[in-house]
Amino acid sequence: MSAPNYDSPLFALAPVDGRYARKCDALRHHVSEFGLIRNRILVEVRWLELLAESKDIPELDRLPDTIAGELRRLAEDFTEEDALAVKAIEATTNHDVKACEYFIKASIGDSATANQVAEFIHFGCTSEDINNLAYATMLKSARDDVLSPAIARTTDTIAALALETAALPMLSRTHGQTASPTTLGKELANVVARLDRQRDQLSAVATLGKFNGAVGNYNAHQAAYPAVDWPALGKKLVEERLGLVFNSMTTQIEPHDWLAEFAHALMRTNTILIDFARDIWSYISLGYFGQRVVAGEVGSSTMPHKVNPIDFENAEGNLGVANALLAHFAEKLPISRWQRDLTDSTVQRNWGVALGAMQIALSSLDKGLSKLKTNPARLASDLDASWEVLAEPVQTVMRRYGVENAYDKLKALTRGAAIDADTMRTFVESLDIPADAKASLNALSPESYTGLAEALTRASLADRQ
């Protein structure tokens, strides 16, 4: 028997790198080991460049063109081969950030000038100065370049379906029981409004970074160059060179409160999507939606007729996995013993798993939505079998005209009873209310009793029409 190839996706421990690997490809440049190393190199290079440009360090004058060019390449065109070289160094150093420092030193050459420049790589830094900025940069890009656009695509698909079905009547169910009718589009538009709000909140989460040395006091910086305004220089690196928000008050680590905010914003989005996936699953079960058959697919290993709502089930499961991890991130990361412990390091390496599960779920939702087809006949059948829902408008109009005990009279008529159109209209005719009010009530049907559902739907989605 040949030795197993553990590099094969068949041996992946996490499905984000095995079964669902292709669905996660868009995230790999951002929240993988490669992405972390690439962003560490970016931070180290930008700091060295800033020190050279600041004119505050006499021993570090203008960078020679050859060195500046190589640094620019590392920051802007970091390759897989570069990352492998860093990992090879780490195999000796057993320290991932120090390996990045040594890699940059090796990359700029071995001349006298390069050796002088090399002494200012990682100058004054603790590893966490590099790591916190690398994570902030990678999570910001994962959010802005991958997750937010993916959430927007799913939301836009739901919005398009909402507009298409804005006027399609549907029986509501509160507590699982028949309730006042709505439209299918209105229920979908509710989801769109919720997702839009959460996407705005996710985008508004400030991605913080610190750059202030071993315990947050610029101790080594001040000892070496007491005349330099180190907080201003650190802020310039974080905000101008990396596009983050500077956190000036920290211990050795950035306190990670913003990471909890980031995780919670993702969790709220995921929770809305779980709610949506379960509702669509239920509507499929009721027959309100059918699913387009995909040639070659099998629904059940024993029941040939099955077309199961597997995409919505997959989405629900993966969103739950993502939220379990995100909840741990939010609870654990802001807690660190005294000025620093290392428990955050191993936890943060799982960002890719959490975001990957979310990406898988969004992909599954998109696939499931693309196969949905509405069943107006089934929707109409449910409505026509539920005339009891008109007890609400009838008793409300009775109240308007002063009929005593209106609610109780409709309760006695409808609660637990089989009500049809004739029963309801006979009751209306017996009422002592104006003739035009009777005519309006008799003109109602469960299908027409949808209030402002269509108008609300179109108004809420006006910017998408």
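Helix H16 (residues 391–400) packs against helix H18 (residues 421–429) at an angle of about 5°, and their axes lie 12 Å apart. Axes here are lines fitted to C-alpha atoms, for helices over the stretch in contact, with angles running from 0 to 180 degrees between N-to-C directions. Helices are DSSP runs (H or I, at least four residues), numbered from the N terminus. Because angles under 35 degrees count as roughly parallel, H16 and H18 are roughly parallel to each other.

This is a predicted model, in which local features need pLDDT of at least 70 and side-chain atom pairs count only at pLDDT 80 or more, while totals for chains, interfaces and linings use all residues. Residues are numbered from 1 along each chain as its sequence is written, and side-chain values use heavy atoms, leaving out hydrogens and water.

Ala391, Val394 and Met398 in H16 meet Met424, Phe427 and Val428 in H18, where contact means heavy atoms within 4.5 Å.

The largest nonpolar core has 120 residues, and Trp47, Trp230 and Trp351 have the most contacts inside it. Such a core is a set of buried Ala, Val, Leu, Ile, Met, Phe, Trp, Tyr and Cys residues joined through side-chain atoms within 4.5 Å; buried means under 20% relative accessible area (1.4 Å probe, protein chains only). A second, separate core of 19 residues includes Leu390, Ala391, Phe427 and Tyr449.

His221 is located in helix H9 (residues 219–224). His221 counts as buried because its relative accessibility is 1%.

Technical notes: Buried < 20%, exposed > 50% of the residue type's maximum accessible area, 1.4 Å probe, protein only. Helix = DSSP H or I, 4+ residues; strand = E, 2+ residues; numbered from the N terminus. Parallel < 35°, antiparallel > 145°, perpendicular 65-115°, else oblique.
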